[in-house]
Amino acid sequence: MIEKNKYWVALIVLMWMSLTVRVLGHSESTKWALLVAGSRGYDNYRHQADVCHAYQILKNGGLKDENIIVFMYDDIAFNPENPRQGILINHPNGSDVYHGVPKDYVGDDGNERNFFAVLSGNKTAVKGGSGKVLNSGPNDTIFIYYADHGTTGLVGLPDGGILFGKDFVDALKKKHHAKSYKEMVIYMEACEAGSMFEGLLPNDINIYVTTASNAIENSYAFYCSDSPIPPPHEYTICLGDLYSISWMEDSETKDMTKETLKQQYEIVQKRTIGQQAGSHVMQYGDLKINNNFLSTYIGAKHANVNVDHESYTTPTRHISQRDGRLIYLKTKFERALNGSLNKLKAQKELEDEIAHRKHVDNTFQHISNLLFGKENGSTMMVHVRAPGQPLVDNWDCFKTLIKTYEGHCSTLSNYGRKYLRAFANMCNAGISVKQMVVSASQACPKK
C-alpha cells in the first residue's frame, strides 16, 4: 500500500512539474526581429548596409540568431564594384556590418510568398531560404525594420516583387487576431513610407510604426560619394539612409534601457529636419507603445553607451532616394579614366538613365492627358487626398492598373514608381481598365 501511495505521489509531482514548465515557458517573453532590404543592385548598396547594421545592433542587444530573420538579395558584399570585398559599411569611418549576418532569404527567395509566410509564422508555406519564421507567441515582441525604395502605397521586395500597403496591414491584422505577439514595432525607411500605413493601420492592434517620410515625400540617402565631406574615396555610392543611420547611431550611443521609442523618434525627427532633407519622420498605430524603452524590442548592450561617435554628427550631403542611381552613375563616369573603355561604358549608362527618366516622365504625362485632358492631366498625376485617408479606395483597381501599364509599356523602375499616385487617382476618379488599356496603347505603341 505504501509503495502504491509513493507511485501516485510521484506521478502527481511529475504532472505538476510538467504543467509548471509549460506555464512558465508560455509566460516568458522572446524578442523577435524581421529585417528586410527590399532592393538589389550595387547602386542600392545602402539598403543592405542599413539592414546589416541593424542586425549588429540587435545581436549586440542580446537577440539570438534563431529569433532574427533577414531578407536581402545579398549581391553587394562580393559585388565586383565593391572596393572592400566581403565588407559592408554604413558610415564613412564605420566598421564591417556584414560579418555574421544570417542569410535567411537571399536572392529570389526574398519574395512575397516567403515574406508573408515568415510574417505569419507559417513554416509550411515557406519555399526556399532558411525556413525560419516569426514563430512568436502572445507574450513576445516583434521588431520589423524595412529599408527600400518606396512609392505610393508600396515598397519593393528583394526579388524585384512588390509589397502593397493594404496587403501588409491585412497580414498584420491577421497576426494580431492569431494572438501571436504582445507588441510590435515597425521602422520603415522608404519614400512615401507613410502611405503604407496612413488610413490603413488601426491604433488598437498593439503595433507602433515610425516611417522615414510621410505619405507624399521622399526619404533620403546619406553618406554619399559626392558629399563635401565624402566617405572613403573608393566608394561611388551612398553608404546609408538618413532616417536609418539616425535611429541606429542613436541606439549605439544611448542606453536603450533608459531611452523610450518616443525619445528616439524625436531625436531622429530632429536630425532629419536638421539636415533640411524635406521629409518628415512620422508615427502611426498605437502611440501609447512609444512610452516603452527601446530595450523592450531591440535589446541593449551597456558596453555601447558613451562610445565616442562624434563623426556621426558630421554634416554631409543627402540626396533623394530616387536619385541614388543617378548620382552613382554620375560619380562612376566622373571617376573613370578619360579615354578608357570604362569611361565610355559609364557615359552610356548615365545617358541611358537620363533618357529613361525623360521617357517615363513623358509617358505618364501623355497617359494622364489622355485620361483627364491636358488642363487636368498634370494635376491628377500628383493629387493628394486629405490627411488620414487611405491612398486608394479600391486596391484591386490600383493593382490592375499597374499591371495594365506594365503590360503595355514596361516594368516600372524605381524611378518610374514615383508616378504610382497617378494610378491611385485614376481609380478614385473611376477610370476603368478598358480606358487605361486604350490610353496605354496610345502612349506606348508596340514596335
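Contact here means heavy atoms within 4.5 Å. The structure is a predicted model, in which local features need pLDDT of at least 70 and side-chain atom pairs count only at pLDDT 80 or more, while totals for chains, interfaces and linings use all residues. Residues are numbered from 1 along each chain as its sequence is written, and side-chain values use heavy atoms, without hydrogens and water.

E81 sits in the loop between strand 2 (68–71) and helix 3 (112–120). Helices (H or I, at least four residues) and strands (E, at least two) are DSSP runs, numbered from the N terminus. Apart from neighbours within four places in sequence, E81 is in contact with Y42, Y328 and K332. The side chains of E81 and Y328 are joined by a polar contact of 2.7 Å. D43 is 38 residues from E81 in sequence and 9.7 Å away in space, C-alpha to C-alpha.

Two packed helices are described by the angle between their axes and the distance between the axes. For helix 9 (residues 341–372) and helix 12 (residues 420–428), the axes come within 11 Å and cross at roughly 10°. Axes are lines fitted to C-alpha atoms, for helices over the stretch in contact, and angles run from 0 to 180 degrees between N-to-C directions. In helix 9, F364, I367, L371 and F372 meet F423, N425 and M426 of helix 12.

The pLDDT, the predictor's confidence in each residue from 0 to 100, averages 88 over the chain. Of the residues, 87% score at least 70. Residues 17–26 stay under 50, and the model has two contacts for them beyond four places in sequence.

Terms used
Polar contact = N/O pair within 3.5 Å; in protein donor to acceptor, adjacent residues only side chain to side chain.
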